[in-house]
Amino acid sequence: MELPERPSPAGKRVSLFATCIVDMIYPQTGMAVVNILEHLGIAIEFPLEQTCCGQPGFNAGYRNEARQVAAQFLRAFKDAEVIVTPSGSCAAMIRHEYPGLFADDPDLLAQAERVAAITWEFTEYLVDGLGITDLELSLPKPASFAFHDSCHGLRMLGLGQAARTLMQHVENASIYDLNENDVCCGFGGTFSIKMPEVSSAMLQNKIANIAQCEADTILTTDVSCMTQMNGGLKRNNIPKQVRHIAEVLAAGLPTNTLVGLPKDKTQ
Amino acid sequence: MKVNANNFVPMFKVNLQKQDVQEAVHYATTLAYHKRLDAMFAYGQEHGEALRQQAAEAKRRALRNLPDLLEKAEANMQANGIEVLWAADADEANRMVVDIARQSEAELIVKSKSMATEEIGLNAYLEQNDITVVETDLGELIVQLDGDTPGHLVTPAVHKTKAAIRDLFVRELGMEPTDDAQEMTMAARQHLRRIFLSADLGISGGNFIIAETGTVCLVTNEGNARLTTVLPKVHIAIVGIEKIVETVDDYATLTQVLPRSAIGQTMPVYTHMLNGPRRADETSGPEKVYVILLDNGRSRIYDSTYTEALACIRCGACLNACPVYRIASGHAYGWVYPGPIGSILTPLFTGLENAKPLPHASSLCGSCKQVCPVEIDIPGMLLDLRRDLVAEGLSPQVWDWGMKGWALAFSKPGLFSAGGTAARLGTNLLGQNIPFTGAWTNSRDMPEFADKSFRQLWQERSQEAYQKGASDE
């Protein structure tokens, strides 16, 4: 990985970057992150000025538009000490692309480099940032899981072990292998609607692998991948689901500490 | 070769329906992908990554010094008795080959595999000039006999099943029907042996040219490059100018990563280092050797921001790793070079307007970059080409407007929240029947939107905590 080293986030206040999709569609994922961090006694805040990392525009070739949205991110997080986000692809956008996006403006470039150096994807924050390997969780009922390795997280951020490490010690969780777990689900952001036939063909392979997997639930670090895969599973009547790992981990917390999660989403 | 890359999506859909192509390509690419992992990392992860870095450095240095190295290569090849010609474009290269063929009175030419010659359409040009040319790489032979074009950089017949090849050999070579791969290969061998022994001229490409020694380097598994370049009286090598490497040591590095990255071999069956025509005391070898150094757009790419694309050693690892290529297979990409590297080379060589879908024919999963033996940042260049499409006005206008609207709404928290509320209400009311979302809903269900956004939940929570705190006092 050519990404620069980051200072340790231990002991620092966390500013949560929920991401546009979590904010709009999957708030329970954001709440799960909040629950876990509060359980660990970490001070967490949510800068209300945040919107989106700008990746959709960047992905589609619209650099000016992406920059416009990314500039709002810089404004929202200008006072952040550590930024944690439940999305490998958004973290990769910030860490990998922000400096290039603002290369022409020294002041914004400095801000971009600053946020790039303090941004952590959720699982790597816990495992690599804080050194936590066992959250001492216990799921209410036995459940089976396998991992889908989201591409940006795996290849751009070097994630992969963190999610597995966190699930390793969870009581009542059985972990299975997913065939072709590191092959792209076909979402690719704007790719999913710019090249829908290609995206769907890749999705067909992925859901065939999920259907044959022994686990009932597939875990991912990205709700974008999750949306693609669940969309395909539902359409094809495959009775399995993909969930963000934060929600499953939060389900293992002592229930009287949970806030903001609808009861039925904790199973 | 004519470019048809703007038809990527329709051709993708055609290939998607061909069950035998799907099975053949999936099998071959995933096999090669896993064999590469075993071969590249036989001595551990660190060792394999260090080897990649070493190979990347060798190619980057060669590119940095390319102008000097080309002159050095020419001088050293000439000292070896090789005649060096410079072809600015495809036409010039083709004419040079025909001129040499005429001078040598060559009627039958044998060819070992060369993607550069596919690029310039050499075979068609030779046929037009009544010169017979026979492909001797087994995959290329299959493709030539079938009136087809290669579907992969390294394994040209990847899209053909054994059954299809069997039928082809029965029809074209008079082979006795058999499903045994060895017997089928023997049939091809016998067919080609007669041709090799009567060929007047041999044409090859070049995997590398070592500037330090003026050596043309080739690799094959069938041994066809040996028979192509040694048996006939004349040998012509057509080599892109980006294939020059500086030293024998650099070649040693690259010749380790090439076969491992391509199909997981530690060495190909045959490795050739050609240092010119037959010497006075040698009993075999051609009497005359020509190297045609081909530009055909390479120096233009060299001067652009996409120089790195010229580091490619044509191993095909990116094709094997690519989830899109595994389904699309080569012909969907519409030109000589398919897969991830092809999605960059085709617009760079033939013009972005002739290959508009290709920079978008990728989910940017990054597998290609992960396997590239010379660490080409393919996803980065695809993103740059997408930027170029927009900058050159080649992006659909509905996207221009849509993105401007998106940028406005997503850079203002108030608008963003309002938009989110509207989206939630809309999906809850309309379910799966939302207008303009056909691209998604044709094959996938829409997600369930939650009733409240995260920021709403957060603000409510903060309110509760504040009120609780106030009432505790």
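Residues are numbered from 1 along each chain as its sequence is written, and chains are lettered from A in the order in which they are written. In this predicted model local features need pLDDT of at least 70 and side-chain atom pairs count only at pLDDT 80 or more, while totals for chains, interfaces and linings use all residues, and side-chain values use heavy atoms, with hydrogens and water left out.

Rolling a probe the size of a water molecule over the atoms shows where empty space is left. A cavity here is a set of points, on a 1 Å grid over the protein atoms alone, where a 1.4 Å probe fits but cannot get out, and its lining residues have an atom within 4 Å of a point. Grid points are joined across faces, edges and corners, and a volume is the space filled by probe spheres set on the points. Across the whole structure, six cavities of 30 Å³ or more are found.

The largest cavity holds about 130 Å³ of space. It is lined by 18 residues, and those closest to its centre are B:Cys322, B:Pro340, B:Ser362, B:Cys368 and B:Leu382. Helices are DSSP runs of H or I with at least four residues, numbered from the N terminus. Two or more lining residues each come from α14 (317-321), α15 (323-328), α16 (339-350), α17 (367-371) and α18 (378-391) of chain B. For residue classes, Ala, Val, Leu, Ile, Met, Phe, Trp, Tyr, Cys and Pro count as nonpolar, Asp, Glu, Lys and Arg as charged, and the others, Gly among them, as polar. By these classes the lining of the largest cavity has 13 nonpolar, five polar and no charged residues.

The second largest cavity has a volume of about 100 Å³. Its lining draws on both chains, with A:Met202, A:Asn205, B:His26 and B:Arg326 among the residues. Two or more lining residues each come from α11 (196-212) of chain A and α15 of chain B, and α11(A) gives the largest share, four residues. This lining divides into five nonpolar, three polar and three charged residues.

Helix α11(A) also meets a helix of chain B. Axes are lines fitted to C-alpha atoms, for helices over the stretch in contact, and angles run from 0 to 180 degrees between N-to-C directions. The axes of α11(A) and α1(B), residues 8-17, come within 9 Å and cross at roughly 30 degrees. The two helices are therefore roughly parallel to each other, a term for angles under 35 degrees. Contact means heavy atoms within 4.5 Å. On α11(A) the contact is made by A:Glu197, A:Val198 and A:Ala201, and on α1(B) by B:Phe8, B:Val9, B:Phe12, B:Lys13 and B:Leu16. Six of these residues are nonpolar, none polar and two charged.

Within chain B, the axes of α9 (residues 162-173) and α10 (residues 181-198) come within 11 Å and cross at roughly 35 degrees. Among the residues that meet are B:Phe169 of α9(B) and B:Met184 of α10(B). This contact has seven nonpolar, one polar and two charged residues.

Finally, B:Gly121 lies in the loop between α6 (115-119) and α7 (122-128) of chain B. Leaving aside neighbours within four places in sequence, B:Gly121 is in contact with B:Met1 and B:Asn94.

Notes
On a 1 Å grid over the protein atoms alone, a cavity is a set of points where a 1.4 Å probe fits but cannot get out, and a pocket is an open set with protein on both sides within 12 Å along at least five of seven lines; lining residues have an atom within 4 Å of a point. Angles under 35 degrees count as roughly parallel, over 145 as roughly antiparallel, 65 to 115 as roughly perpendicular and the rest as oblique.
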